[in-house]
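Student: Could we go through this model by question and answer, with the cut-offs stated as each term comes up?

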Amino acid sequence: MTERRAILSGSTFEEQIGYARAVVDGDRVHVSGTTGFDYGTMTISDDVVEQAEQCLRNIGAALAEAGCTFSDVVRVRYLLPDRADFEPCWPVLRRRFGEVRPAATMLVCGLADPRMKIEIEVEARRPIPPHGGVATSSRPEASVVPIVPVVPVEAYEPPYYVAVFAAVRTHDQSGYHETNARLEDLVKDVPGYLGIDHAQTPGGLGITVGYFRDADALTKWRTNAEHRAAQQRGRADWYQSYTLHVAKAERSHGFTRAQVGDQQRPSALR
């Protein structure tokens with residue numbers, strides 16, 4: 001039987017009108033027309049570019065809850081009351097879709113609230129790997145392909161510190177994706193932060209690996225007030241179980257396959 005489930009963002013509009021932020025229907029994800037409201041505060045900027053950025057944050061949270069990303073988007077529709085507002089948004093849209101190149105349509109039309117200057121609707125096709133396996137391709141020349149193109153954190157000169165967080169989440173994920181996005185922005189301001197890797201297994205185990213130059217950087221992040229508040233919320237609502245491992249990396253090396261015309265260049269760090 002095809003899976004069908006609704007994803008709610010907490011927007012009062014969804015409750016008042018009777019719709020979902022997104023609907024997962026098998027491998028298809030249909031995200032409703034999404035405006036620039038911050039659903040946590042139900043406020044909206046006067047600036048169309050800021051509205052576009054908030055639209056994409058809202059859409060990104062819905063896609064993540066559906067089990068996919070912007071890389072899985074196949075169709076996008078832009079709705080604006082003023083055609084002159086579209087071009088200023090192009091850099092914001094290109095950052096999300098420049099490499100994805102979904103089919104797109106721009107419409108000039110009235111929106112439900114005069115404060116709304118842009119509305120964005122997307123459709124995505126989420127990867128559904130076989131149970132316990134990896135996503136496969138129907139192409140004979142490539143039987144196994146990555147679900148989403150990713151680039152791991154580069155190899156750094158050791159020593160440095162690694163925090164490995166492995167978790168299984170609960171069904172109640174309200175507010176999780178917004179908080180996670182906030183923390184990913186926040187940790188970048190910690191002196192000594194090097195990067196972060198994510199992975200999600202088909203069985204539901206999520207793994208996040210954070211890299212820090214020294215123990216002081218790791219301590220600053222561990223004791224950050226917003227981070228600690230998120231940890232408490234995670235234990236109360238979001239996690240069925242989790243483990244945290246902290247280790248000191250003493251050896252590091254890496255490899256990146258070259259693009260056409262370049263040579264393969266393994267990292268010198270070993």
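Student: Is Asp-185 buried, exposed or partly exposed?
Tutor: The model is a predicted one, in which local features need pLDDT of at least 70 and side-chain atom pairs count only at pLDDT 80 or more, while totals for chains, interfaces and linings use all residues. Residues are numbered from 1 along each chain as its sequence is written, and side-chain values use heavy atoms, with hydrogens and water left out. Buried means under 20% relative accessible area and exposed over 50%, with partly exposed in between (1.4 Å probe, protein chains only). Because the relative accessible area of Asp-185 is 46%, this residue is partly exposed.

Student: Which residue meets the side chain of Asp-185 in a salt bridge?
Tutor: A salt bridge here is a side-chain nitrogen of Lys or Arg within 4 Å of a carboxyl oxygen of Asp or Glu. The partner of Asp-185 lies at 3.9 Å, N to O.

Student: Which helices are linked by the salt bridge of Glu-226 with Arg-182?
Tutor: The closest N and O atoms of Glu-226 and Arg-182 are 2.8 Å apart. Both residues are partly exposed, Glu-226 with a relative accessible area of 36% and Arg-182 with 41%. Helices (H or I, at least four residues) and strands (E, at least two) are DSSP runs, numbered from the N terminus. The two residues are 44 apart in the chain, and the helices that hold them are α6 (residues 225–238) for Glu-226 and α4 (residues 176–187) for Arg-182.

Student: Which residues are linked with Arg-77 in a network of salt bridges?
Tutor: The side chain of Arg-77 meets that of Glu-123 at 3.1 Å, N to O. This pair links distant parts of the chain, with Arg-77 in strand β6 (residues 73–80) and Glu-123 in strand β8 (residues 119–125), 46 residues apart. Arg-77 counts as partly exposed at 24% relative accessibility, and Glu-123 likewise counts as partly exposed at 24%. The residues networked with Arg-77 are Glu-121 and Glu-123.

Student: What is the order of the strands in the open sheet?
Tutor: Two strands pair if DSSP finds at least two bridges between them. The sheet is open, has six strands and shows mixed pairing, in the order β1-β2-β3-β8-β6-β7.

Student: Which strands are the edge strands of this sheet?
Tutor: An edge strand of this sheet pairs on one side only. By that criterion, the edge strands are β1 and β7 (103–108).

Student: Which residue stands opposite Ile-7 in β2?
Tutor: Strand β1 (residues 4–7) and strand β2 (residues 22–25) pair in the antiparallel sense over four bridges. Within this pairing Arg-4 stands opposite Asp-25, whereas the residue opposite Ile-7 is Ala-22.

Student: How many salt bridges does a search of the whole structure find?
Tutor: Side chains of opposite charge can pair when their charged atoms come close. The pair of Glu-226 and Arg-182 is one example of a salt bridge. For the whole structure, the search finds 10.
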